[in-house]
Amino acid sequence: DVKVTQSSRYLVKRTGEKVFLECVQDMDHENMFWYRQDPGLGLRLIYFSYDVKMKEKGDIPEGYSVSREKKERFSLILESASTNQTSMYLCASRPGTWAYEQYFGPGTRLTVT
Amino acid sequence: DAKTTQPPSMDCAEGRAANLPCNHSTISGNEYVYWYRQIHSQGPQYIIHGLKNNETNEMASLIITEDRKSSTLILPHATLRDTAVYYCIVREVTPNTGNQFYFGTGTSLTVIP
């Protein structure tokens with residue numbers, strides 16, 4: 001089975017802190033994604049990566065950056081966390097652009113105080 | 001991408017069929033219909049997808065109307081573990097788009113004992 005893991009299930013950070021959210025997949029997938037999920041807004045795409053060192057902005061990239069130095073790992077970075085970044089963050093991976101199915105991790109609930 | 005409309009919530013008796021509707025009246029000829037679900041505290045999980053023909057797998061059946069303006073996801077014998085938010089997504093598959101998914105707010109299905 002494909003496994004997508006996220007470094008933390010729950011995280012509490014202070015305003016202004018630099019925050020790293022890590023995502024690792026174990027199936028050699030080319031594509032990886034970061035979403036955030038908020039009540040009433042569904043899932044929104046922040047960034048995605050087609051391959052190592054490649055990244056593309058999603059719908060709401062402001063305030064975030066990403067890093068993909070190795071194929072299995074996709075990191076989401078909040079350079080200076082703000083309270084409006086309190087959310088559930090979901091990572092996903094997919095074998096390639098031809099694949100229909102995305103595999104999601106369990107999510108990280110981030111609270112910024 | 002075509003916009004989808006789903007009822008915000010539905011109930012279904014355990015053991016009965018759950019029929020979840022989705023309207024996508026502006027769908028174009030190249031857009032597929034996908035269904036995902038998200039069980040509480042987990043990431044979304046792929047269920048099924050289709051273009052024109054009805055589809056069935058071990059989890060569910062997908063019925064797409066002839067004009068493709070609506071579809072229905074059928075869980076033939078709902079169990080308590082099917083309680084989840086169900087997302088209907090339409091998306092064009094092209095090599096360049098990377099097949100991103102736009103998740104709305106979905107339908108919250110509650111299976112009642």
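The contact between the two chains takes 22 residues from chain A and 23 residues from chain B. The model is a predicted one, and what follows describes that prediction. Between chain B and chain A an area of about 1700 Å² is buried, with carbon and sulfur atoms giving 52% of that area. The interface of chain B and chain A has five residue pairs in polar contact, both residues of each pair being at pLDDT 80 or more. Salt bridges between chain B and chain A number zero.

On the side of chain B that touches chain A, two elements give two or more residues: strand 3 (31–38) and strand 4 (45–50) of chain B. Strand 3 of chain B gives the largest share, four residues. By residue class, this side of chain B divides into twelve polar, eleven nonpolar and no charged residues.

Both of these strands of chain B belong to an open sheet of five strands, arranged in the order 1-9-8-3-4 with mixed pairing. Strand 4 of chain B is one of the edge strands of this sheet, the other being strand 1 (9–13) of chain B; each of them pairs on one side only. From one strand to the next, the twist of the sheet averages 25°. Within the sheet, strand 3 of chain B runs antiparallel to strand 8 (residues 84–92) of chain B, and eight bridges join the two. A point of reference along this pairing is Y34(B), which stands opposite I89(B) in strand 8 of chain B.

Chain B also has a run of strands joined by hairpins. Strand 5 (residues 55–56) and strand 6 (residues 61–64) of chain B pair in the antiparallel sense over two bridges, and they form a hairpin with four residues between them. Here E55(B) stands opposite L62(B) in strand 6 of chain B. Strand 6 of chain B pairs again, with strand 7 (residues 70–75) of chain B, in the antiparallel sense over four bridges. In this second pairing the bridge partner of S61(B) is I74(B), in strand 7 of chain B. Strand 6 and strand 7 of chain B form a hairpin with five residues between them, and in its turn R68(B) has a positive phi of about 65°.

Turning to chain A, an open sheet of four strands has the order 1-3-8-7, and its pairing is antiparallel. The edge strands, each pairing on one side only, are strand 1 (4–6) and strand 7 (65–70) of chain A. The twist in this sheet averages 20° from one strand to the next. Strand 7 of chain A pairs in the antiparallel sense with strand 8 (residues 73–78) of chain A over four bridges. One of the facing pairs is S67(A) and its bridge partner S75(A), the latter in strand 8 of chain A.

Charge pairing remains to be considered. Over all chains the count comes to seven salt bridges, although between chain B and chain A the count is zero. One of the salt bridges is formed in chain A by E79(A) and K18(A), with the closest N and O atoms 3.5 Å apart. E79(A) lies in the loop between strand 8 and strand 9 (87–94) of chain A, while K18(A) lies in the loop between strand 2 (10–13) and strand 3 (19–25) of chain A, so the pair ties together parts that are 61 residues apart in sequence.

How values were computed
Residues are numbered from 1 along each chain as its sequence is written. Chains are lettered from A and ligands numbered from 1 in the order in which they are written. This is a predicted model: local features need pLDDT of at least 70, side-chain atom pairs count only at pLDDT 80 or more; totals for chains, interfaces and linings use all residues. Side-chain values use heavy atoms; hydrogens and water are left out. Contact means heavy atoms within 4.5 Å. Buried area is the accessible area (1.4 Å probe) that two parts lose on being put together, summed over both. A salt bridge is a side-chain nitrogen of Lys or Arg within 4 Å of a carboxyl oxygen of Asp or Glu. A polar contact is a pair of N or O atoms within 3.5 Å; within protein, one must be able to donate a hydrogen and the other to accept it, and residues adjacent in sequence count only if both atoms are side-chain atoms. Ala, Val, Leu, Ile, Met, Phe, Trp, Tyr, Cys and Pro count as nonpolar, Asp, Glu, Lys and Arg as charged, and the others, Gly among them, as polar. Two strands pair if DSSP finds at least two bridges between them. Axes are lines fitted to C-alpha atoms, for helices over the stretch in contact, and angles run from 0 to 180 degrees between N-to-C directions.
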